[in-house]
Structure formats: C-alpha cells, structure tokens
Amino acid sequence: MKKQKHDTRWMVSVALMAAIVILLANTPLGMIQLPIIKATTVHIPVIIGAVLLGPSAGAILGGVFGICSMISNTTAPTLLSFAFSPFLAEDLLGVVKSLWIAIGCRILIGVVAGWVWIGLRKLRLSPWIALPITGFVGSMVNTVFVMGSIYVLLASQYAAAKEVALDAVWGLIMATVTASGIPEAIAAAVLVTALGRALLVFFRKQMAVAR
C-alpha cells in the first residue's frame with residue numbers, strides 16, 4: 001500500500017476499517033463515559049488504518065471518528081458536548097468551532113500518524129519501535145488538539161460548564177491531558193504495536209499473492 005493507489009482493494013480496506021471505527025464508536029469499548037467528557041479508544045483503528053493504508057486513509061477514518069463523536073455528543077450530551085456538536089452551539093461561530101474540534105482535530109490524527117509512520121520507516125526503524133511511537137503520537141494528537149482547541153476557542157464556555165474561574169481553565173485542561181490523554185496514549189502504543197504488527201504481516205502476504 002506504499003504507493004497508496006486508490007484502487008478497489010484500497011477502498012475496501014478503508015471501508016472495513018471505517019466499519020470498525022463505527023462499531024467501536026457505538027459500543028462502550030469505544031466511547032468510555034467519564035463525568036464531563038467521553039474518553040475514547042476509537043482513535044486506535046484510525047492510527048492503524050493510517051499505518052496500513054497511508055495518511056489519506058487515516059484522514060478519512062479520522063473524519064468518520066469525528067462524525068461519530070459529533071452524533072454521540074448530540075444524542076447523549078454531557079457538560080462538554082457543546083464543544084463537539086454544532087447542534088448545541090449558540091451561534092454560527094460556535095458551529096464552526098465545534099466542527100473543528102469534533103471532526104477537524106480527528107482528521108489530524110490519521111494525517112499525523114500516517115506521516116509519522118512514513119518518516120520513521122524512512123529512518124529504517126524497526127516496526128517494533130516505529131509502531132508504538134506512531135500509536136503514542138497519534139493518540140496525543142487527539143488529546144492535545146481537542147483539549148487545546150477547547151482552551152483556545154471555548155475557554156469561557158468551558159469555565160461556565162465547570163463552574164470555575166476563567167483563569168482555572170488551563171489547569172483543568174492540563175489535568176485532563178495528564179489523567180486521560182497520557183494513559184490513552186500508552187494504551188494506544190501497546191495496542192497499535194500488537195495489532196499493527198500482525199496486520200502488517202497479513203497485508204504483506206496479501207500484496208505478495210496479488211502480484
């Protein structure tokens with residue numbers, strides 16, 4: 001898949017990975033409900049898809065993840081769902097902000113993970129090293145861009161939702177990154193390595209048969 005030919009095999013593979021994203025996004029394993037935010041493992045198939053199929057596939061899968069997040073936050077809102085659902089926004093600018101946070105930031109997961117993987121492989125790093133790095137970075141992209149965008153774009157609304165002073169928002173954002181983002185990234189590093197290694201072997205065998 002290095003050449004990223006958008007042929008039938010590539011499209012079917014992307015569709016299968018998208019189905020996994022949708023499945024996870026609609027089960028407790030994919031969206032873990034916390035008091036004020038939904039922690040997620042849905043970014044893991046996005047990262048694996050970016051590794052196997054390239055950054056463009058990763059972008060598509062990230063977009064699917066973002067749409068699922070938007071739907072989830074619209075139909076089962078939490079205190080922070082206004083940041084992820086344009087239907088809960090107060091004005092047009094809020095719609096744009098929520099679309100960026102829900103979908104744009106998730107597209108970046110696949111794009112960054114795909115290019116990180118390509119870069120690490122060009123450095124001739126072993127998959128046992130490149131995969132966990134890619135998994136960790138991809139997961140942190142999700143956390144940093146989502147929480148960072150909330151801080152930059154919606155700090156006052158976040159403070160109101162949490163019933164805290166505006167100057168306390170930065171500390172709360174960093175607490176979320178530390179308490180939720182880092183464990184998610186470590187889990188992603190482990191799972192992406194385990195699943196990605198097996199799937200890389202499978203894909204190589206399939207490509208050899210196709211030739």
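I looked up burial first, and buried residues (under 20% relative accessible area, with exposed over 50% and partly exposed in between, 1.4 Å probe, protein chains only) make up 46% of the 211 residues in the protein. I note that this is a predicted model, in which local features need pLDDT of at least 70 and side-chain atom pairs count only at pLDDT 80 or more, while totals for chains, interfaces and linings use all residues. Residues are numbered from 1 along each chain as its sequence is written, and side-chain values use heavy atoms, with hydrogens and water left out.

Next I listed the elements, which are DSSP runs numbered from the N terminus (helices H or I, at least four residues; strands E, at least two). I found six helices and two strands, in the order α-β-β-α-α-α-α-α from the N terminus on.

I then turned to helix 1, where Trp10, Ser13, Val14, Met17, Ala18, Val21, Leu24 and Ala25 are buried. Seen down the helix axis, these buried residues fall within an arc of 135° (taken from the directions from the axis to the C-beta atoms), so they line one face of helix 1. The face turned away from that buried side carries the exposed residues Thr8, Leu16 and Leu23.

Last, I checked contacts, meaning heavy atoms within 4.5 Å: of those in the protein with a separation of 6 or more, 67% come from residues 24 or more positions apart. I also looked up Ile186, which is found in helix 6 and counts as partly exposed because its relative accessibility is 47%.
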